[in-house]
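This briefing sets out the fold, the helix contacts, the nonpolar cores and a few individual residues of the model shown below. It is intended to be read alongside the sequence and the coordinates.

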Amino acid sequence: MQEHPEIPYKTFEMEFPDRYAVLAWICHNQLGRRNLTEEQKKYLIGKQYNSEKKSDFRGNQYTSTDESACPPKGDKQKRTWEKVAEENHVGKKYVYNAGRYADGVDAADEIEPGIRQDILSGKIAPTAKDVSEVADAEPEERPEMVRRLRMTKEEKNEELRRMREIGESLRTARKVTEESINHSRHPQGTPLCIQSGREVGVHR
């Protein structure tokens, strides 16, 4: 508007019960854009769902605060995820998963500011499962999980292969060590007898 002050526009004053209702309204309106990536759509639906759960607001952008606060008698209140699913033409399970996804994106951005934009723009492509799990993890586990969000599938497979090789090497080393210890305790050819449930070397 600053670049083109000659373009006319109108403003409308709206009232909301809390900041979560404002955030839900913003997300719902942003979902009307046609150029959204799948990641952006999922994140916005998730944020709308999470915000409406925390808010007393039960209307939409066309509903006044008074109307949403006092629904008509006999109008059964729908569960939040059903309402969000209907508004965005998606399934209820999609809404629930989108809520976890949005939490994961925000949790990752707290660890590494800027990664939210990289995920939503498609610059990096972690799986929705990996993103969601960041929010569920313990705080000390999150930095490593966020690091892995930037890894490609090939890089993850290569890291997994190296870890398996290291694990196999450790198992082999442990086995060799145990065999060496056993051999030093019982040299080959030394006769043994059992006495009172313990091994006793035969005195020559």
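The protein has 9 helices and 2 strands, where helices (H or I, at least four residues) and strands (E, at least two) are DSSP runs numbered from the N terminus. Along the sequence the pattern is α-α-α-α-α-α-α-α-α-β-β. The model is predicted, so local features need pLDDT of at least 70 and side-chain atom pairs count only at pLDDT 80 or more, while totals for chains, interfaces and linings use all residues. Residues are numbered from 1 along each chain as its sequence is written, and side-chain values use heavy atoms, with hydrogens and water left out.

**Overall burial and contacts**

- Of the 204 residues in the protein, 28% are buried; buried means under 20% relative accessible area, exposed over 50%, and partly exposed in between (1.4 Å probe, protein chains only).
- Contact means heavy atoms within 4.5 Å. Among contacts between residues at least 6 apart in sequence, 60% join residues at least 24 apart.

**Helices H7 and H8**

- The axes of helix H7 (residues 128-136) and helix H8 (residues 142-149) come within 10 Å and cross at roughly 165 degrees. This angle makes H7 roughly antiparallel to H8.
- Axes are lines fitted to C-alpha atoms, for helices over the stretch in contact, and angles run from 0 to 180 degrees between N-to-C directions. Angles under 35 degrees count as roughly parallel, over 145 as roughly antiparallel, 65 to 115 as roughly perpendicular and the rest as oblique.
- The crossing of H7 and H8 is left-handed; a crossing is left-handed if the near helix is turned anticlockwise from the far one by less than a right angle, and right-handed if clockwise.
- H7 contributes Asp-130, Val-131, Glu-133, Val-134 and Ala-135 to the contact, and H8 contributes Arg-142, Met-145, Val-146 and Leu-149.
- By class, the residues of this contact are 6 nonpolar, no polar and 3 charged. Here Ala, Val, Leu, Ile, Met, Phe, Trp, Tyr, Cys and Pro count as nonpolar, Asp, Glu, Lys and Arg as charged, and the others, Gly among them, as polar.

- Helix H2 (residues 38-54) and helix H4 (residues 80-88) have axes that come within 10 Å and cross at roughly 145 degrees, in a right-handed crossing.
- On the H2 side the contact is made by Ile-45, Gln-48, Tyr-49, Glu-52 and Lys-53, and on the H4 side by Thr-80, Trp-81, Lys-83, Val-84, Glu-87 and Asn-88. These divide into 4 nonpolar, 3 polar and 4 charged residues.
- The axes of H4 and H5 come within 8 Å and cross at roughly 105 degrees, and H4 and H5 are therefore roughly perpendicular to each other.
- Trp-81, Glu-82, Val-84 and Ala-85 of H4 meet Lys-92, Val-95 and Tyr-96 of H5, a contact with 5 nonpolar, no polar and 2 charged residues.

**Nonpolar cores**

- A nonpolar core is a set of buried Ala, Val, Leu, Ile, Met, Phe, Trp, Tyr and Cys residues joined through side-chain atoms within 4.5 Å.
- The largest such core has 14 residues, and those with the most contacts inside it are Tyr-101, Ile-115, Ile-119 and Leu-149.
- Helix H5 (92-111), helix H6 (115-121), H7 and H8 each give two or more residues to this core, and H5 supplies the largest share, 5 residues.
- Beyond its neighbours within four places in sequence, Ile-119 is in contact with Glu-39, Tyr-101, Ile-124, Pro-126, Val-131 and Leu-149.
- A second, separate core of 11 residues includes Leu-36, Ile-45, Val-84 and Ala-98.

**Individual residues**

- Gln-48 lies in helix H2 and is buried, with a relative accessible area of 0%. Leaving aside neighbours within four places in sequence, Gln-48 is in contact with Ala-24, Cys-27, His-28, Leu-31, Val-84, Glu-87 and Asn-88.
- Gln-48 and Trp-25 are 23 residues apart in sequence, and their C-alpha atoms are 7.4 Å apart in space.
- Lys-47, also placed in helix H2, counts as buried at 18% relative accessibility. Apart from neighbours within four places in sequence, Lys-47 is in contact with Leu-23, Cys-27, Ala-102 and Asp-106.
- His-89 is in the loop between H4 and H5 and is exposed, with a relative accessible area of 74%. Although His-89 is not a glycine, it has a positive phi of about 60 degrees.
- Arg-148, in helix H8, is partly exposed at a relative accessible area of 28%. The C-alpha atoms of Arg-148 and Pro-126 are separated by 8.4 Å, with the two residues 22 apart along the chain.
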